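Here are some numbered notes to read beside the model. They go point by point and can be checked against the structure as you read.

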Amino acid sequence: MATAARPATTAAPRETDLAGLQTSRLVQSHIWIAIAAFAVACLLGVWQMWARSPIQAPYHTAANYFRSVTLHGVSMAFVLTTFFIMGFGYYVAETALKRPLPGIGFAWVAFWMGIAGTLMAALSVISGNASVLFTFYPPLTATPWFYVGLVLVVVASWIWCILMIIAMRSWRRANDGRPVPLAMFATTANAVMWLWTTVGVAAELLFQVIPAAFGWNQTVDVGLSRTLFSWTLHAIVYFWLFPSYSAFYTMFPRAAGGRLYSDTMGRLAFILFLLYSLPVGLHHLFMDPEHSNGFKFLQMFLTALVSVPTLLTVFTITASAEIAGRMRGGKGLFGWIGALPWERPMVLATGLAFVMLFWGGGGGLINMSYGMNAMIHNTSWVTAHFHLIFGGTVVIMYQAICYSIWPSLTGRDFPSLKPLLVQLWLWFIGMMVMTLPWHWLGLEGQWRRVAAFDYSNPIIHGWGPWVIVSLVGGIILALSAFLFLYNLASLHWRGVLGAPAEIEYARAVHEPERVPSSLNGFGLWNIIVALLMLLAYGWPIAQFFVYPPPQAMVHRLG
Amino acid sequence: MAINEDAILKSELRWAIVVGGIVAVILIAILYAALAMHINPPSNREYVDPKTLHLSAEFTEANLGTRVDPNGQVVARLIATQFEFVPNCIVLPARTPVTMRITSPDVIHGLLVSGTNVNTMVIPGYVAQVHTTFTKTGDLLMPCHEFCGLGHSQMMATVRVVPPAAFHPGPGGRIACGNRG
Amino acid sequence: MAETPDSPPNPARIDRSWRMRAAAIVSVAVATGSVIGFVLIPAGQKSGAHLTMGHAMERAAGLAPGSPAVPQPLSTATAIPVSTVSWSPDVLKILAAGHTDRGAQIAGQTCAACHGDKGLSQSAGAPPGGPVFPSLAGQSSYAIYKQLNDFQSGARVNPQMSAIAQTLDPADLASVAAYYADGSKEYAAIGKRQLLGDPEIEKLANEGDSHRRLPACLACHVNNAGGPIETPVITGQNEDYLVTQLNAFASGQRKNDVYGRMRDVAGKLTPQERAALARYFEGTL
């Protein structure tokens with residue numbers, strides 16, 4: 001009942017507003033953990049760039065450097081992402097389907113399991129017994145508790161996957177024949193894809209790495225472990241990317257004041273990601289001896305296909321933006337761009353994300369071709385690429401998503417959007433300043449995962465100024481990260497009460513009455529994924545069992 | 001605003017054709033490199049036991065480095081180990097097809113030769129093999145580019161590319177850098 | 001029967017046509033990629049390696065080693081191992097089965113005279129020029145096992161040790177290794193030793209030297225570094241032993257380090273640095 005004293009400028013809140021979202025605490029808990037990991041990792045990243053630069057850095061030992069790289073990688077790649085995606089997924093399940101989340105008790109179990117796993121892994125790394133980087137390639141083997149911690153996080157995410165599938169299924173039963181709202185379709189597509197994705201790393205951890213870490217095995221089949229990890233390694237970046245693309249399709253058009261150009265294309269894009277992000281992992285192993293030219297070519301061919309949904313998305317979202325711009329009075333070939341409401345964080349973030357997508361995606365096209373890959377494999381180009389495409393395009397959208405959903409979660413509006421826009425600009429500028437020179441250094445031959453460069457070498461000396469430029473970019477990013485944290489946190493004491501506990505997703509120009517069943521569910525696609533994986537990964541994995549290679553001794557780190 | 005649903009789908013299809021064209025161009029470039037220049041990724045499914053590598057014949061210490069094999073092939077054999085390449089410096093001729101064979105007795109390493117298309121992972125259990133032809137002469141950096149432990153940052157070798165006229169293998173076909181890199 | 005313009009198309013037919021188109025597109029993609037990768041490319045490359053189509057396809061599929069485009073090199077070398085010790089699960093089993101009681105017996109009879117009855121060297125503090133004995137208490141069992149084997153096989157040569165090693169069989173070697181590894185923890189524990197040196201030496205030990213391509217000593221010689229299995233503990237080892245070994249590696253006189261890891265490192269250090277590092281790692285209690 002509306003009895004609390006509130007500013008008289010807003011209308012009396014409805015019953016549902018004060019009741020709030022069922023998943024509000026669940027979503028906020030997940031996202032705050034993600035942000036905490038993110039903030040710590042940003043600081044570590046700055047120290048790492050400092051250590052690699054010609055400028056003397058404190059505590060600069062090899063042991064500290066690789067401990068930091070491991071913690072930074074695990075925080076950004078596993079904790080920030082998984083917790084954010086789970087939280088946002090619960091949010092979409094409630095708000096897009098407009099009903100409470102079934103099984104919310106299990107969601108909390110998953111949350112605490114994820115916390116336990118994160119702490120286990122983080123403490124292992126901090127103790128110095130798990131400096132194996134976020135890719136943890138055997139035979140280098142950390143303390144088993146590092147891996148057990150990661151497994152707990154993955155299992156927690158599996159619970160999330162099942163809850164998403166159940167939520168979508170039960171909505172479909174109650175809404176026979178109607179199209180699943182696009183935001184939930186994307187979220188569930190992501191959940192289905194994640195279940196497929198984690199098979200690789202789970203098999204590697206459960207059957208190879210954890211037994212070795214506990215001392216039950218003294219040797220490990222290195223080629224097999226790299227192959228199983230590659231199964232996960234590409235698809236995981238699409239797991240990270242789905243919420244951002246979901247925001248492109250279902251949040252940006254509305255924020256821009258227009259409509260989504262095509263709902264069908266949105267569904268198709270998410271399905272194409274589900275299909276083609278998995279049977280392409282071998283492109284992370286182009287430079288490995290254990291796989292044949294033929295399978296590398298086949299998976300490269302399929303990788304070319306996974307560029308299609310991104311290119312389709314660019315078209316569809318740009319068209320949606322054009323609709324909005326022209327509705328706001330923009331004229332001429334490009335006039336609609338200026339007419340867009342750039343003062344809205346979601347619109348600004350999408351525009352900046354697309355600029356970064358151009359550079360990062362272009363880099364991806366180069367990585368995917370094995371001839372060009374040979375010029376940049378394991379150079380700074382690779383590091384620059386994934387920082388730009390993930391840290392840039394994907395994470396800036398995570399930030400914009402948080403700004404969009406925080407009012408409905410907390411019941412408070414931002415008093416001013418200016419600090420939000422400043423934070424997004426800083427993130428974009430920092431990311432471009434950090435990664436563009438880094439790409440160049442990769443082409444110059446600067447290689448990866450180095451704690452200390454020999455700047456007395458004339459070639460390496462020439463890299464020094466660019467490394468410092470990247471460091472400056474990193475510092476800007478860290479500032480942006482803390483401003484982001486502050487913007488969200490300060491909502492709790494500076495926010496304006498009265499924000500409704502709901503969100504409007506974008507509507508398509510032609511809202512579908514009915515969509516073909518294959519665009520409303522995943523039965524067919526699961527079968528095709530299974531077939532694709534059998535054809536693309538079947539023999540590449542089976543060969544390790546049919547012709548077992550000699551194994552390598554385990555090298556234990558603590 | 002009247003945008004016909006059909007028109008939307010048609011425009012998306014037109015764009016998809018453009019996209020297909022971009023992808024086709026990239027694939028054709030790769031095919032050209034494969035068929036006209038014989039460029040392949042460094043695949044080589046050849047097993048070798050890392051645990052007994054130092055007891056083996058081909059990768060025994062005395063056989064490492066550059067050698068012109070009896071059949072005329074210029075082959076450089078290297079070990080990548082924690083935390084050095086053995087040998088630390090190799091000599092190879094320019095404008096001649098050469099083959100590098102590298103393997104590891106311990107963990108995963110990787111290498112690239114700066115300014116060239118030589119780039120490969122070194123996976124214990126396999127002989128990594130790269131075929132190339134150097135175009136420029138000089139001392140090239142060959143760092144280890146995959147994390148192999150705490151000494152990874154210092155793991156580096158030199159590839160000394162000399163003009164073919166200056167490439168004089170000794171008896172047995174072997175040639176080394178001489179003084180320490 | 002004219003269709004009214006408003007009659008909706010049959011949903012089941014639309015579904016089916018989507019399914020068939022999807023399956024067709026994916027099949028064509030996989031088939032095209034496979035034909036190009038497994039047939040077309042090896043066909044176009046096989047002349048470079050003088051291969052038949054079958055052999056070229058075998059290489060492209062990874063069923064045979066080598067590239068479809070280049071002849072596969074052959075090796076005519078003979079094996080000249082610098083050490084006969086290799087690590088495998090079987091060897092680790094032998095070490096795990098080593099009996100510390102039997103090891104104590106052998107140590108008391110044979111080793112203690114020089115290596116001390118607590119495993120702490122008897123030559124520490126002796127005037128230079130005399131024999132130098134390493135401390136063994138708390139040493140890695142893998143390191144002891146390898147060195148004893150190398151003395152036995154002649155990969156490492158020392159007048160006294162070469163003779164003594166001949167008298168031990170594999171089970172004895174394992175027992176002695178286990179006994180000493182089990183020994184005084186205050187010797188082995190890096191935390192129990194104060195390591196102090198001037199900044200240059202501390203830097204070499206902890207960070208290495210990128211200019212000379214020298215990894216940090218502690219990149220291998222610390223408990224959880226994940227380095228070579230036979231890496232010995234050097235913290236707390238007596239200074240004169242450490243410096244004589246570093247010099248022996250540098251001159252090539254000692255060469256049982258697999259692939260020359262220590263020969264490479266020691267050779268890059270100046271004699272003064274070797275002495276200073278030896279002093280640094282002896283540390284103080």
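1. A network of salt bridges links Glu46(B), Glu58(B), Arg67(B), Asp69(B), Arg77(B) and Arg101(B). The model is a predicted one, and the distances below are computed from it. As background, side chains of opposite charge can pair when their charged atoms come close.

2. Which side chain does Arg101(B) meet at 2.7 Å, N to O? The partner in that salt bridge is Glu46(B). Arg101(B) sits in strand E5 (residues 97–103) of chain B, while Glu46(B) sits in the loop between H1 and strand E1 (65–68) of chain B. The two are 55 residues apart, and the pair links distant parts of the chain. Arg101(B) and Glu46(B) are both buried.

3. Arg101(B) also forms a salt bridge with the side chain of Glu58(B), at 2.8 Å, N to O. Glu58(B) is in the loop between H1 and E1 of chain B and Arg101(B) is in strand E5, so this pair ties together parts that are 43 residues apart in sequence. Are these two residues buried or exposed? Arg101(B) is buried, and Glu58(B) is too.

4. A search over all chains of the whole structure gives 22 salt bridges. One of these joins the side chains of Asp209(C) and Arg212(C), at 2.8 Å, N to O. Asp209(C) has a relative accessible area of 21%, so it counts as partly exposed. Arg212(C) is partly exposed because its relative accessible area is 24%. The cut-off for buried is under 20%.

5. Now the contact between chain B and chain A. It takes 57 residues from chain B and 71 residues from chain A. The size of an interface is often given as the accessible area lost when the parts come together. For chain B and chain A the buried area is about 5,400 Å², and carbon and sulfur atoms give 70% of it. On the chain B side, the residues that lose the most area to chain A are Glu12(B), Arg45(B) and Phe147(B), together 12% of what that side buries.

6. How many salt bridges does the rule find across the interface of chain B and chain A? It finds one. The side chains of Glu146(B) and Arg449(A) meet in a salt bridge at 2.8 Å, N to O.

7. Which parts of chain B supply the side that touches chain A? Helix H1 (5–36), strand E7 (119–122) and strand E9 (138–143) of chain B each give at least two residues. H1(B) gives the most, with 13 residues. By class, the side of chain B that touches chain A has 34 nonpolar, 16 polar and seven charged residues.

8. The contact between chain C and chain B takes 55 residues from chain C and 51 residues from chain B. These chains bury about 3,900 Å² between them, with 53% of it on carbon and sulfur atoms. In chain C, the residues losing the most area to chain B are Pro73(C), Arg213(C) and Tyr259(C), together 22% of what that side buries.

9. Two salt bridges are counted between chain C and chain B. Arg261(C) and Asp106(B) meet through their side chains in a salt bridge at 3.7 Å, N to O. Across the interface of chain C and chain B there are 27 residue pairs in polar contact, both residues at pLDDT 80 or more. Helix H1 (11–45) and helix H11 (261–268) of chain C each supply at least two residues of the side that touches chain B. The largest share, five residues, comes from H1(C). That side of chain C divides into 28 nonpolar, 19 polar and eight charged residues.

10. Chain A has 17 helices and six strands. Its radius of gyration is 23 Å, close to the 24 Å that the globule rule gives for 558 residues, so chain A is as compact as a globular protein of that length. The C-alpha trace of chain A spans about 70 × 50 × 50 Å along its principal axes. Of the 558 residues of chain A, 67% count as buried.

Terms used. Residues are numbered from 1 along each chain as its sequence is written. Chains are lettered from A and ligands numbered from 1 in the order in which they are written. Side-chain values use heavy atoms; hydrogens and water are left out. Contact means heavy atoms within 4.5 Å. Buried area is the accessible area (1.4 Å probe) that two parts lose on being put together, summed over both. A salt bridge is a side-chain nitrogen of Lys or Arg within 4 Å of a carboxyl oxygen of Asp or Glu. Helices (H or I, at least four residues) and strands (E, at least two) are DSSP runs, numbered from the N terminus. Ala, Val, Leu, Ile, Met, Phe, Trp, Tyr, Cys and Pro count as nonpolar, Asp, Glu, Lys and Arg as charged, and the others, Gly among them, as polar. The radius of gyration is taken over C-alpha atoms; the globule rule is 2.2 Å times the number of residues to the power 0.38. Buried means under 20% relative accessible area, exposed over 50%, partly exposed in between (1.4 Å probe, protein chains only). A polar contact is a pair of N or O atoms within 3.5 Å; within protein, one must be able to donate a hydrogen and the other to accept it, and residues adjacent in sequence count only if both atoms are side-chain atoms.
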